[in-house]
Amino acid sequence: MLAPWFGVLAAAFCAAGLYIGFFIAPTDHQQGEAYRIIFIHVPAAWMSMFLYLVMAFWAGVGLMFNTRLSGMMASALAPTGALFTFIALWTGSLWGKPTWGTWWVWDARLTSELILLFLYFGFMALQAAIDEPRRADRAGAVLALTGVVNIPIIYFSVRWWNTLHQGASVSLTSAPTMAATMFAGMVVMAFGFWFYSIATALARARCIILERERATDWVADYARVPK
Amino acid sequence: MLPAMRCVIHRDLLLALRRRADVMTMLLFFVIVASLFPLGVGPEPNLLRTIAPGVIWVAALLASMLSLTRMFSADYADGTLEQMLLSSAPLGAIVAAKVTAHWLISGLPLVLMAPVLALQYDLPRPLLEVLTLSLLLGTPVLSLIGAIGAALTLGVRGGGVLLALLVLPLYVPVLVIGAGTVDVAAAGLGAQPYFQLLGALLVVAAAFAPWAIAVALRISIE
């Protein structure tokens, strides 16, 4: 029921965030206008990591308490998380081209973000391959939890690997200190992405519930009497 | 608990011994993949020496992944796995025994084969030892993590490719640290911290993976 409202909120916050990002925030003196992609890139990267944690949380709850809804929430979150991971990678390479001169570098963050995308894909592929929904949920839950244990290990191993192989030619961490309006734009965009995630996850969860419970009376009633 | 584990290991080893072709196929795959790289990148010795640890590690990783699908599938098909789940011995222990047997069958031959392949790449002698030792510590981790994927994809359609998709991202730390060990040794720095990291990965995987495999098996069987 709440899904459309969150959708409206998402649209409002995204519009506000983009407005701040494109019209209010000052031009960066080093990177020019190109830096403005930060307003999509950084919130998407935040969400991509955060959604995996939320997904693993729901998966864990489902595995522990054997609740059905939590498994549905986990599988509803996965595509949104994968989408944000992809957006973060995509905008990152669009941003990298004008500022670093390449589409891709084997930087620790980029690499671990790419592996995160693979983890999302693995989770969705596993769920898609198993026909029985309960088994799919629980198998996905084990995988998501294994992934969550692995993410910090992956991140640190990739960081060491990176420092071993190449010098610090580009560094994301030494960004120039940020103007307050830029930060505000990013936070507002992050809220927009938050609400978008909630809206899509809820909408998707609703479809999953209806699909799985299609044999029950209440779904039949719901289908017959559109509100 | 220990007799049960010994029994499972003994049984799996015996089965593997009766079907030697499976192990040989995997080993051949390892050799062929590792031999293809010089053909692809050219026979320049310096280049080969640089890429050797990575290539041998990736080849070992792929070869050990190939044998993963067989870890539980035969037992699943003939009902042995169900009996193992019903057995009074803890499932985690049985699973640990199965993973140990799998490593003895498919991990150890790779470790023994690796120095020979490294010679093809003209790795100097001290690095051969480092490479072998890193594989010795790393391949059990591959077996442990891979077994989780094997248990999850048991009886699922498209199992083999799906297994690769699930397991390969999780292999990244082992690959990075394992191949890194040799690189560090080649650069003349002490490889000690990397060995310790590999050991730490092994300890963590050995502690948690059997439990996760057991849960995954119960999910797949019920």
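Is C207(A) buried or exposed? C207(A) has 52% relative accessibility and therefore counts as exposed; the classes are buried (under 20% relative accessible area), exposed (over 50%) and partly exposed in between, with a 1.4 Å probe and protein chains only. C7(B), at 49% relative accessibility, counts as partly exposed.

The model is predicted, so local features need pLDDT of at least 70 and side-chain atom pairs count only at pLDDT 80 or more, while totals for chains, interfaces and linings use all residues. Residues are numbered from 1 along each chain as its sequence is written, chains are lettered from A and ligands numbered from 1 in the order in which they are written, and side-chain values use heavy atoms, without hydrogens and water.

**Chain A**

Chain A has seven helices and zero strands; helices (H or I, at least four residues) and strands (E, at least two) are DSSP runs numbered from the N terminus. Of its 227 residues, 45% count as buried. Contact means heavy atoms within 4.5 Å. Among contacts in chain A between residues at least 6 apart in sequence, 78% join residues at least 24 apart. The chain exposes about 11,800 Å², of which carbon and sulfur atoms supply 71%; areas come from the Shrake-Rupley method with a 1.4 Å probe, and for residues only the protein chains shown count as cover.

A nonpolar surface patch of about 380 Å² is made by F50(A), L53(A), F191(A) and W194(A). Helices α2 (38-65) and α6 (180-212) of chain A each give two or more residues to this patch. Patches are made of residues with over 30% relative accessible area and no salt bridge, with like charges joined within 9 Å and nonpolar side chains (Val, Leu, Ile, Met, Phe, Trp, Tyr) within 5 Å. F191(A), in helix α6, is partly exposed at 40% relative accessibility.

**Nonpolar cores**

A nonpolar core is a set of buried Ala, Val, Leu, Ile, Met, Phe, Trp, Tyr and Cys residues joined through side-chain atoms within 4.5 Å. The largest one holds 119 residues, and M55(A), F30(B), I56(B), F72(B), I213(B) and L217(B) touch the most other members. Helix α7 (residues 125-152) of chain B supplies the largest share of this core, 14 residues. Apart from it lies another core of six residues, including I115(A), I154(A), V158(A) and V176(B). Leaving out residues up to four places away in sequence, I56(B) touches F30(B), A114(B), L117(B), A118(B), Y121(B), L131(B) and L135(B).

**Salt bridges**

Over all chains there are eight salt bridges, each a side-chain nitrogen of Lys or Arg within 4 Å of a carboxyl oxygen of Asp or Glu. Three of them are listed here.

| Pair | N to O distance |
|---|---|
| D75(B) and R11(B) | 2.8 Å |
| R49(B) and D122(B) | 2.7 Å |
| R125(B) and E129(B) | 3.1 Å |

D75(B) in helix α4 (residues 70-77) and R11(B) in helix α1 (residues 2-18) of chain B are 64 residues apart. D75(B) is buried at 5% relative accessible area, whereas R11(B) is partly exposed at 24%. R49(B) in helix α3 (residues 45-66) pairs with D122(B) in the loop between α6 (91-120) and α7 of chain B, 73 residues away. R49(B) is partly exposed at 31%, and D122(B) is partly exposed at 39%.

R125(B) and E129(B) both lie in helix α7 of chain B, four residues or about one turn apart. R125(B) is exposed at 58%, and E129(B) is partly exposed at 46%. Shared partners join R11(B), D12(B), D75(B) and K98(B) into one salt-bridge network.
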